Amino acid sequence: MRNYRIAAMGGDGIGPEVIAAGVEALRVCVERDGGFTLDFTDFDWGSDYYRKHGVMMPADGADQLRKFDAILFGAVGAPDIPDHVTLWGLRLAICQPLDQYANVRPTRVLPGITSPLRNVTGPELDWVIVRENSEGEYSGVGGRAHRGLPIEVAQDVSIMTRAGVQRIMRYAFRLAQGRPRKLLTVVTKSNAQRHAMVMWDEIAAEVAAEFPDVTWDKMLVDAMTMRMVIKPGTIDTIVASNLHADILSDLAAALAGSLGIAPTANINPERDAPSMFEPIHGSAFDITGKGIANPIATFWTAAMMLEHLGEKPAAERLMRAVERVTADPALHTPDLGGKATTRQVTDAVCAALRAAND
Ligand code: IPM
Ligand code: MG
């Protein structure tokens, strides 16, 4: 029997609600599969922990997570604590030391979900965004001096390294190669940013030579937003810098119908530390505690986690259950225009998993 240790961290806002739903569905996946077990350990890190201890997680937090096979993460962010404190204190404080440098964001229009694009009914929009997750605009390098004075100065320095760009390009080309269309778009802004982004383009071309069977093109980020809206079917896999992909992935989620269903995986491809799986939606304080958070993004990211662990049949079974549930508008939560609750959607996915005859 294969056993995996999972760190479950709800974090802030609706995070604990959706992670509880995810753990519940994963337990049914285990039951249904019979070939593996999941051993969950809960972590209470996040903004409440910060209010008690003055830090979002213990100083050795990232190290405590190393012994797990994967991390299931809810959300981080609270209205009364600055976002850069919560984010850098927890999420980035985990992603960076555990070197989860590839952030993977699949986007598809699931059955029953309506895209705001009038010509998209489903298959025309099936993308994976690969976001560089360790450097670039989120390097955390910079500083601020002479606070409050007229001569105040502030700097955020975007760092790109040859090693960092090379590894994300290789990851993206490999991922594109594994998809039926073998098609990759490299997003850039080398017309305006003439140092790092020019190196980014050069390394993309070098790495492309290692993947002769992948068709690739290069697109300026501003033009990419237009292409995503106007010609979604011409896109398959996308690789972009940390900030560019952050922005494009919100657009992608909206075009696929809702941010409430978008998943993400922070992957350490070398597997020398655990990877972290989370819904993209964030803490959503306006609906916290109301029982109406959409758990679909968490189920989808849980399926990505199963796949990463090597449990592909279980991952596929979970996604089929998710699709059976999204197909029924009576099971849509308010973010999708419906009236269903987190409980109802979770029960429906668990029931679909139990009923699956494959
Ligand atoms: C995301 C989010 C985060 C990011 C926020 C919460 C800082 O927008 O995961 O896309 O920019 O990385
Ligand atoms: Mg974002």
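I count Ala, Val, Leu, Ile, Met, Phe, Trp, Tyr, Cys and Pro as nonpolar, Asp, Glu, Lys and Arg as charged, and the others, Gly among them, as polar.

**Entry 1. Conventions**

I note that this is a predicted model, in which local features need pLDDT of at least 70, side-chain atom pairs count only at pLDDT 80 or more, and totals for chains, interfaces and linings use all residues. Residues are numbered from 1 along each chain as its sequence is written, chains are lettered from A and ligands numbered from 1 in the order in which they are written, and side-chain values use heavy atoms, with hydrogens and water left out.

**Entry 2. Overall form**

I looked up the secondary structure and found 11 helices and 12 strands; helices (H or I, at least four residues) and strands (E, at least two) are DSSP runs, numbered from the N terminus. The C-alpha trace spans about 60 × 50 × 40 Å along its principal axes. Buried residues make up 54% of the 358, where buried means under 20% relative accessible area, exposed over 50%, and partly exposed in between (1.4 Å probe, protein chains only).

**Entry 3. The largest pocket**

I searched for pockets on a 1 Å grid over the protein atoms alone: a pocket is an open set of points where a 1.4 Å probe fits, with protein on both sides within 12 Å along at least five of seven lines, and lining residues have an atom within 4 Å of a point. Grid points are joined across faces, edges and corners, and a volume is the space filled by probe spheres set on the points.

The largest pocket holds about 840 Å³. Its lining has 25 residues, and Pro106, Val128, Arg179, Met304 and Glu307 lie nearest the centre. Among the elements that give two or more residues are strand E4 (102–108), strand E5 (126–132) and helix H9 (296–309). Helix H10 gives the most, with six residues. By class I find 14 nonpolar, two polar and nine charged residues.

I recorded a volume of about 510 Å³ for the second largest pocket. Val76, Leu87, Arg91, Ile280 and Gly282 are the closest to its centre among its 25 lining residues. Strand E3 (70–75), helix H4 (83–95), helix H8 (242–255) and strand E12 (275–279) each give two or more residues, and H4 gives the most, with four. The lining divides into 11 nonpolar, seven polar and seven charged residues.

**Entry 4. Cysteines**

I counted zero disulfides, taking a disulfide as a pair of cysteine sulfur atoms within 2.5 Å. For Cys29 the nearest cysteine sulfur, that of Cys350, is 8.0 Å away. Cys29 is buried at 1% relative accessible area, and Cys95 is buried at 1%.

**Entry 5. Positive phi**

Most residues other than glycine have a negative phi. I noted His146, with phi near 55°, in the loop between strand E6 (136–145) and strand E7 (153–159). His146 is partly exposed, at 42%. Ala284 has phi near 45° and sits in the loop between E12 and H9. Ala284 counts as partly exposed, at 25%.
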